[in-house]
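Subject: Structure handover

Hi,

Here is the structure for you to look through. Please open it first, then read my notes below.

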Amino acid sequence: MFTAMTRSKAWLRVLGYGENMRGLVKEFEEVRKRNFVLEFTYPTEKERIRMNVINRDMSPKERERRSQNQRNLKDIVEDLDNGVIHKEDLPQELIEKLKNYLL
């Protein structure tokens with residue numbers, strides 16, 4: 001709704017159907033209740049940096065690699081939770097590197 005309203009030079013017409021359109025209709029009704037005043041929270045500098053990292057340009061191959069790495073990490077955490085592997089099974093050097101990246 002924000003993009004449509006802020007890009008329109010005069011009239012705005014929105015067409016659609018289905019479940020996604022119901023969400024848009026609800027959003028429109030909220031905007032209309034506020035006399036078409038759009039309100040949003042501007043992200044902090046820290047949030048903008050994170051947004052830029054998350055939404056960076058990546059090739060399809062890079063996106064697939066990221067997805068695979070996320071699945072692998074999830075599997076490792078689940079195996080640790082379930083006692084399938086123990087932290088002692090992981091190389092200490094790798095644990096330290098992960099700590100440095102994640103903290």
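What pattern does the chain follow, read along the sequence? The pattern is α-α-α-α-α. The chain has five helices and zero strands. Helices (H or I, at least four residues) and strands (E, at least two) are DSSP runs, numbered from the N terminus.

Two notes on the source. This is a predicted model, where local features need pLDDT of at least 70, side-chain atom pairs count only at pLDDT 80 or more, and totals for chains, interfaces and linings use all residues. Residues are numbered from 1 along each chain as its sequence is written, and side-chain values use heavy atoms, with hydrogens and water left out.

Overall shape

The radius of gyration of the chain is 22 Å. A compact globule of 103 residues would have a value near 13 Å. The radius is taken over C-alpha atoms, and the globule rule is 2.2 Å times the number of residues to the power 0.38. Along its principal axes, the C-alpha trace spans about 65 × 35 × 30 Å.

Surface and contacts

Buried residues make up 6% of the 103 residues. Buried means under 20% relative accessible area, exposed over 50%, and partly exposed in between (1.4 Å probe, protein chains only). The chain exposes about 10,000 Å². Carbon and sulfur atoms supply 54% of that area. Accessible areas come from the Shrake-Rupley method with a 1.4 Å probe; for residues, only the protein chains shown count as cover.

Now take contacts (heavy atoms within 4.5 Å). Among those between residues at least 6 apart in sequence, 32% join residues at least 24 apart.

Helix 4

Helix 4 covers residues 60-81, which is 22 residues. From its first C-alpha to its last it reaches 31 Å, close to the 32 Å expected at 1.5 Å a residue. The expected span is 1.5 Å times one less than the number of residues. Just after helix 4, Gly83 takes a positive phi of about 75 degrees.

The loop between helix 2 and helix 3

Asn35 sits in the loop between helix 2 (19-33) and helix 3 (45-54). Its phi is positive, about 60 degrees, although Asn35 is not a glycine. Is Asn35 buried or exposed? Asn35 counts as exposed, because its relative accessibility is 62%.

Phe36 is also placed in the loop between helix 2 and helix 3. Phe36 is a residue other than glycine, with a positive phi near 60 degrees. At 40% relative accessibility, Phe36 counts as partly exposed.

Best wishes
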